[in-house]
Amino acid sequence: MKLKEEYYLNEDVVSLAKDLLGKILYTKIDNEITAGIIIETEAYFGIKDKASHAYGGRRTNRTETMYGNGGIAYVYLCYGMHNLFNIVSSKENDPHAVLIRGIEPLVGIDIIEQRRNMPHTKGAISAGPGSAAKALGIDKTFNTKNLTGDEIWIEDHAIRYKDDDIAATPRVGIAYAKEHALLPWRFFVKGNKYVSKPNKV
């Protein structure tokens, strides 16, 4: 059930971002397990992608995590308040990553509701990358954690979506990436209320 390291070594981050839809993201914090179905992702294509933190081979204390072997967590702070969770993929020194933008609550829903201070029936509980991470208790301490370990991991429960049920659109909030801002590297499950805006196709 738990995805093995080989899964994350896929060098095609765009196909990986799409394939992650329907996989289950788990966290275990203080013996409390929460999980959600991944329903929205974005692909970031390493040094060639103007929207990537690693564009042009940029290496800083923050981005160094992206240069690790696929299968580790890359968590960074956005706007000084939102922790965003990314999956590092491909091989070492090929800094690809998939941003998890939305999850559908599945396990430990009462804990998720406490973390977000709202009922799980509200899409806003886990729509958007900051909300999705907070719902699962993911913060900066998860940065560099191995996704095959016991604190954060992903399982395959054989949930599959047909191509017709998946939207491929430009990524959100990356106008600075110029022509790369138009690439259709954001994937989401059509009609799922836990998808962030814009969610119309």
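Which residue of β8 stands opposite T41? The legends below take up this question along with other views of the structure, which is a predicted model.

**View 1. Strand β2 and its pairing with β8.** Strand β2, which spans residues 32-44, is mostly covered, since eleven of its 13 residues are buried. Strand β8, made up of residues 186-189, runs antiparallel to β2 and is joined to it by three bridges. Within this pairing, the residue of β8 that stands opposite T41 is F187.

**View 2. The hairpin of β1 and β2.** Strand β1, covering residues 24-29, pairs with β2 in the antiparallel sense over six bridges, and T27 is found opposite T34 of β2. The two strands form a hairpin with two residues between them, and in the turn D30 has a positive phi of about 50°.

**View 3. The pairing of β2 with β5.** Strand β5, which runs through residues 96-107, is antiparallel to β2, and nine bridges join the two strands. In this pairing, I37 has E104 in β5 as its bridge partner.

**View 4. The largest pocket and its lining.** The largest pocket has a volume of about 580 Å³, and of the 28 residues that line it, those closest to its centre are Y76, C78, L84, L99 and P129. At least two lining residues come from each of β2, β3 (73-78), β4 (82-89), β5 and α4 (129-135), with α4 giving the most, namely five residues. By residue type, the lining of the largest pocket divides into 17 nonpolar, eight polar and three charged residues.

Methods: Residues are numbered from 1 along each chain as its sequence is written. This is a predicted model: local features need pLDDT of at least 70, side-chain atom pairs count only at pLDDT 80 or more; totals for chains, interfaces and linings use all residues. Side-chain values use heavy atoms; hydrogens and water are left out. Buried means under 20% relative accessible area, exposed over 50%, partly exposed in between (1.4 Å probe, protein chains only). Helices (H or I, at least four residues) and strands (E, at least two) are DSSP runs, numbered from the N terminus. Two strands pair if DSSP finds at least two bridges between them. On a 1 Å grid over the protein atoms alone, a cavity is a set of points where a 1.4 Å probe fits but cannot get out, and a pocket is an open set with protein on both sides within 12 Å along at least five of seven lines; lining residues have an atom within 4 Å of a point. Grid points are joined across faces, edges and corners, and a volume is the space filled by probe spheres set on the points. Ala, Val, Leu, Ile, Met, Phe, Trp, Tyr, Cys and Pro count as nonpolar, Asp, Glu, Lys and Arg as charged, and the others, Gly among them, as polar.
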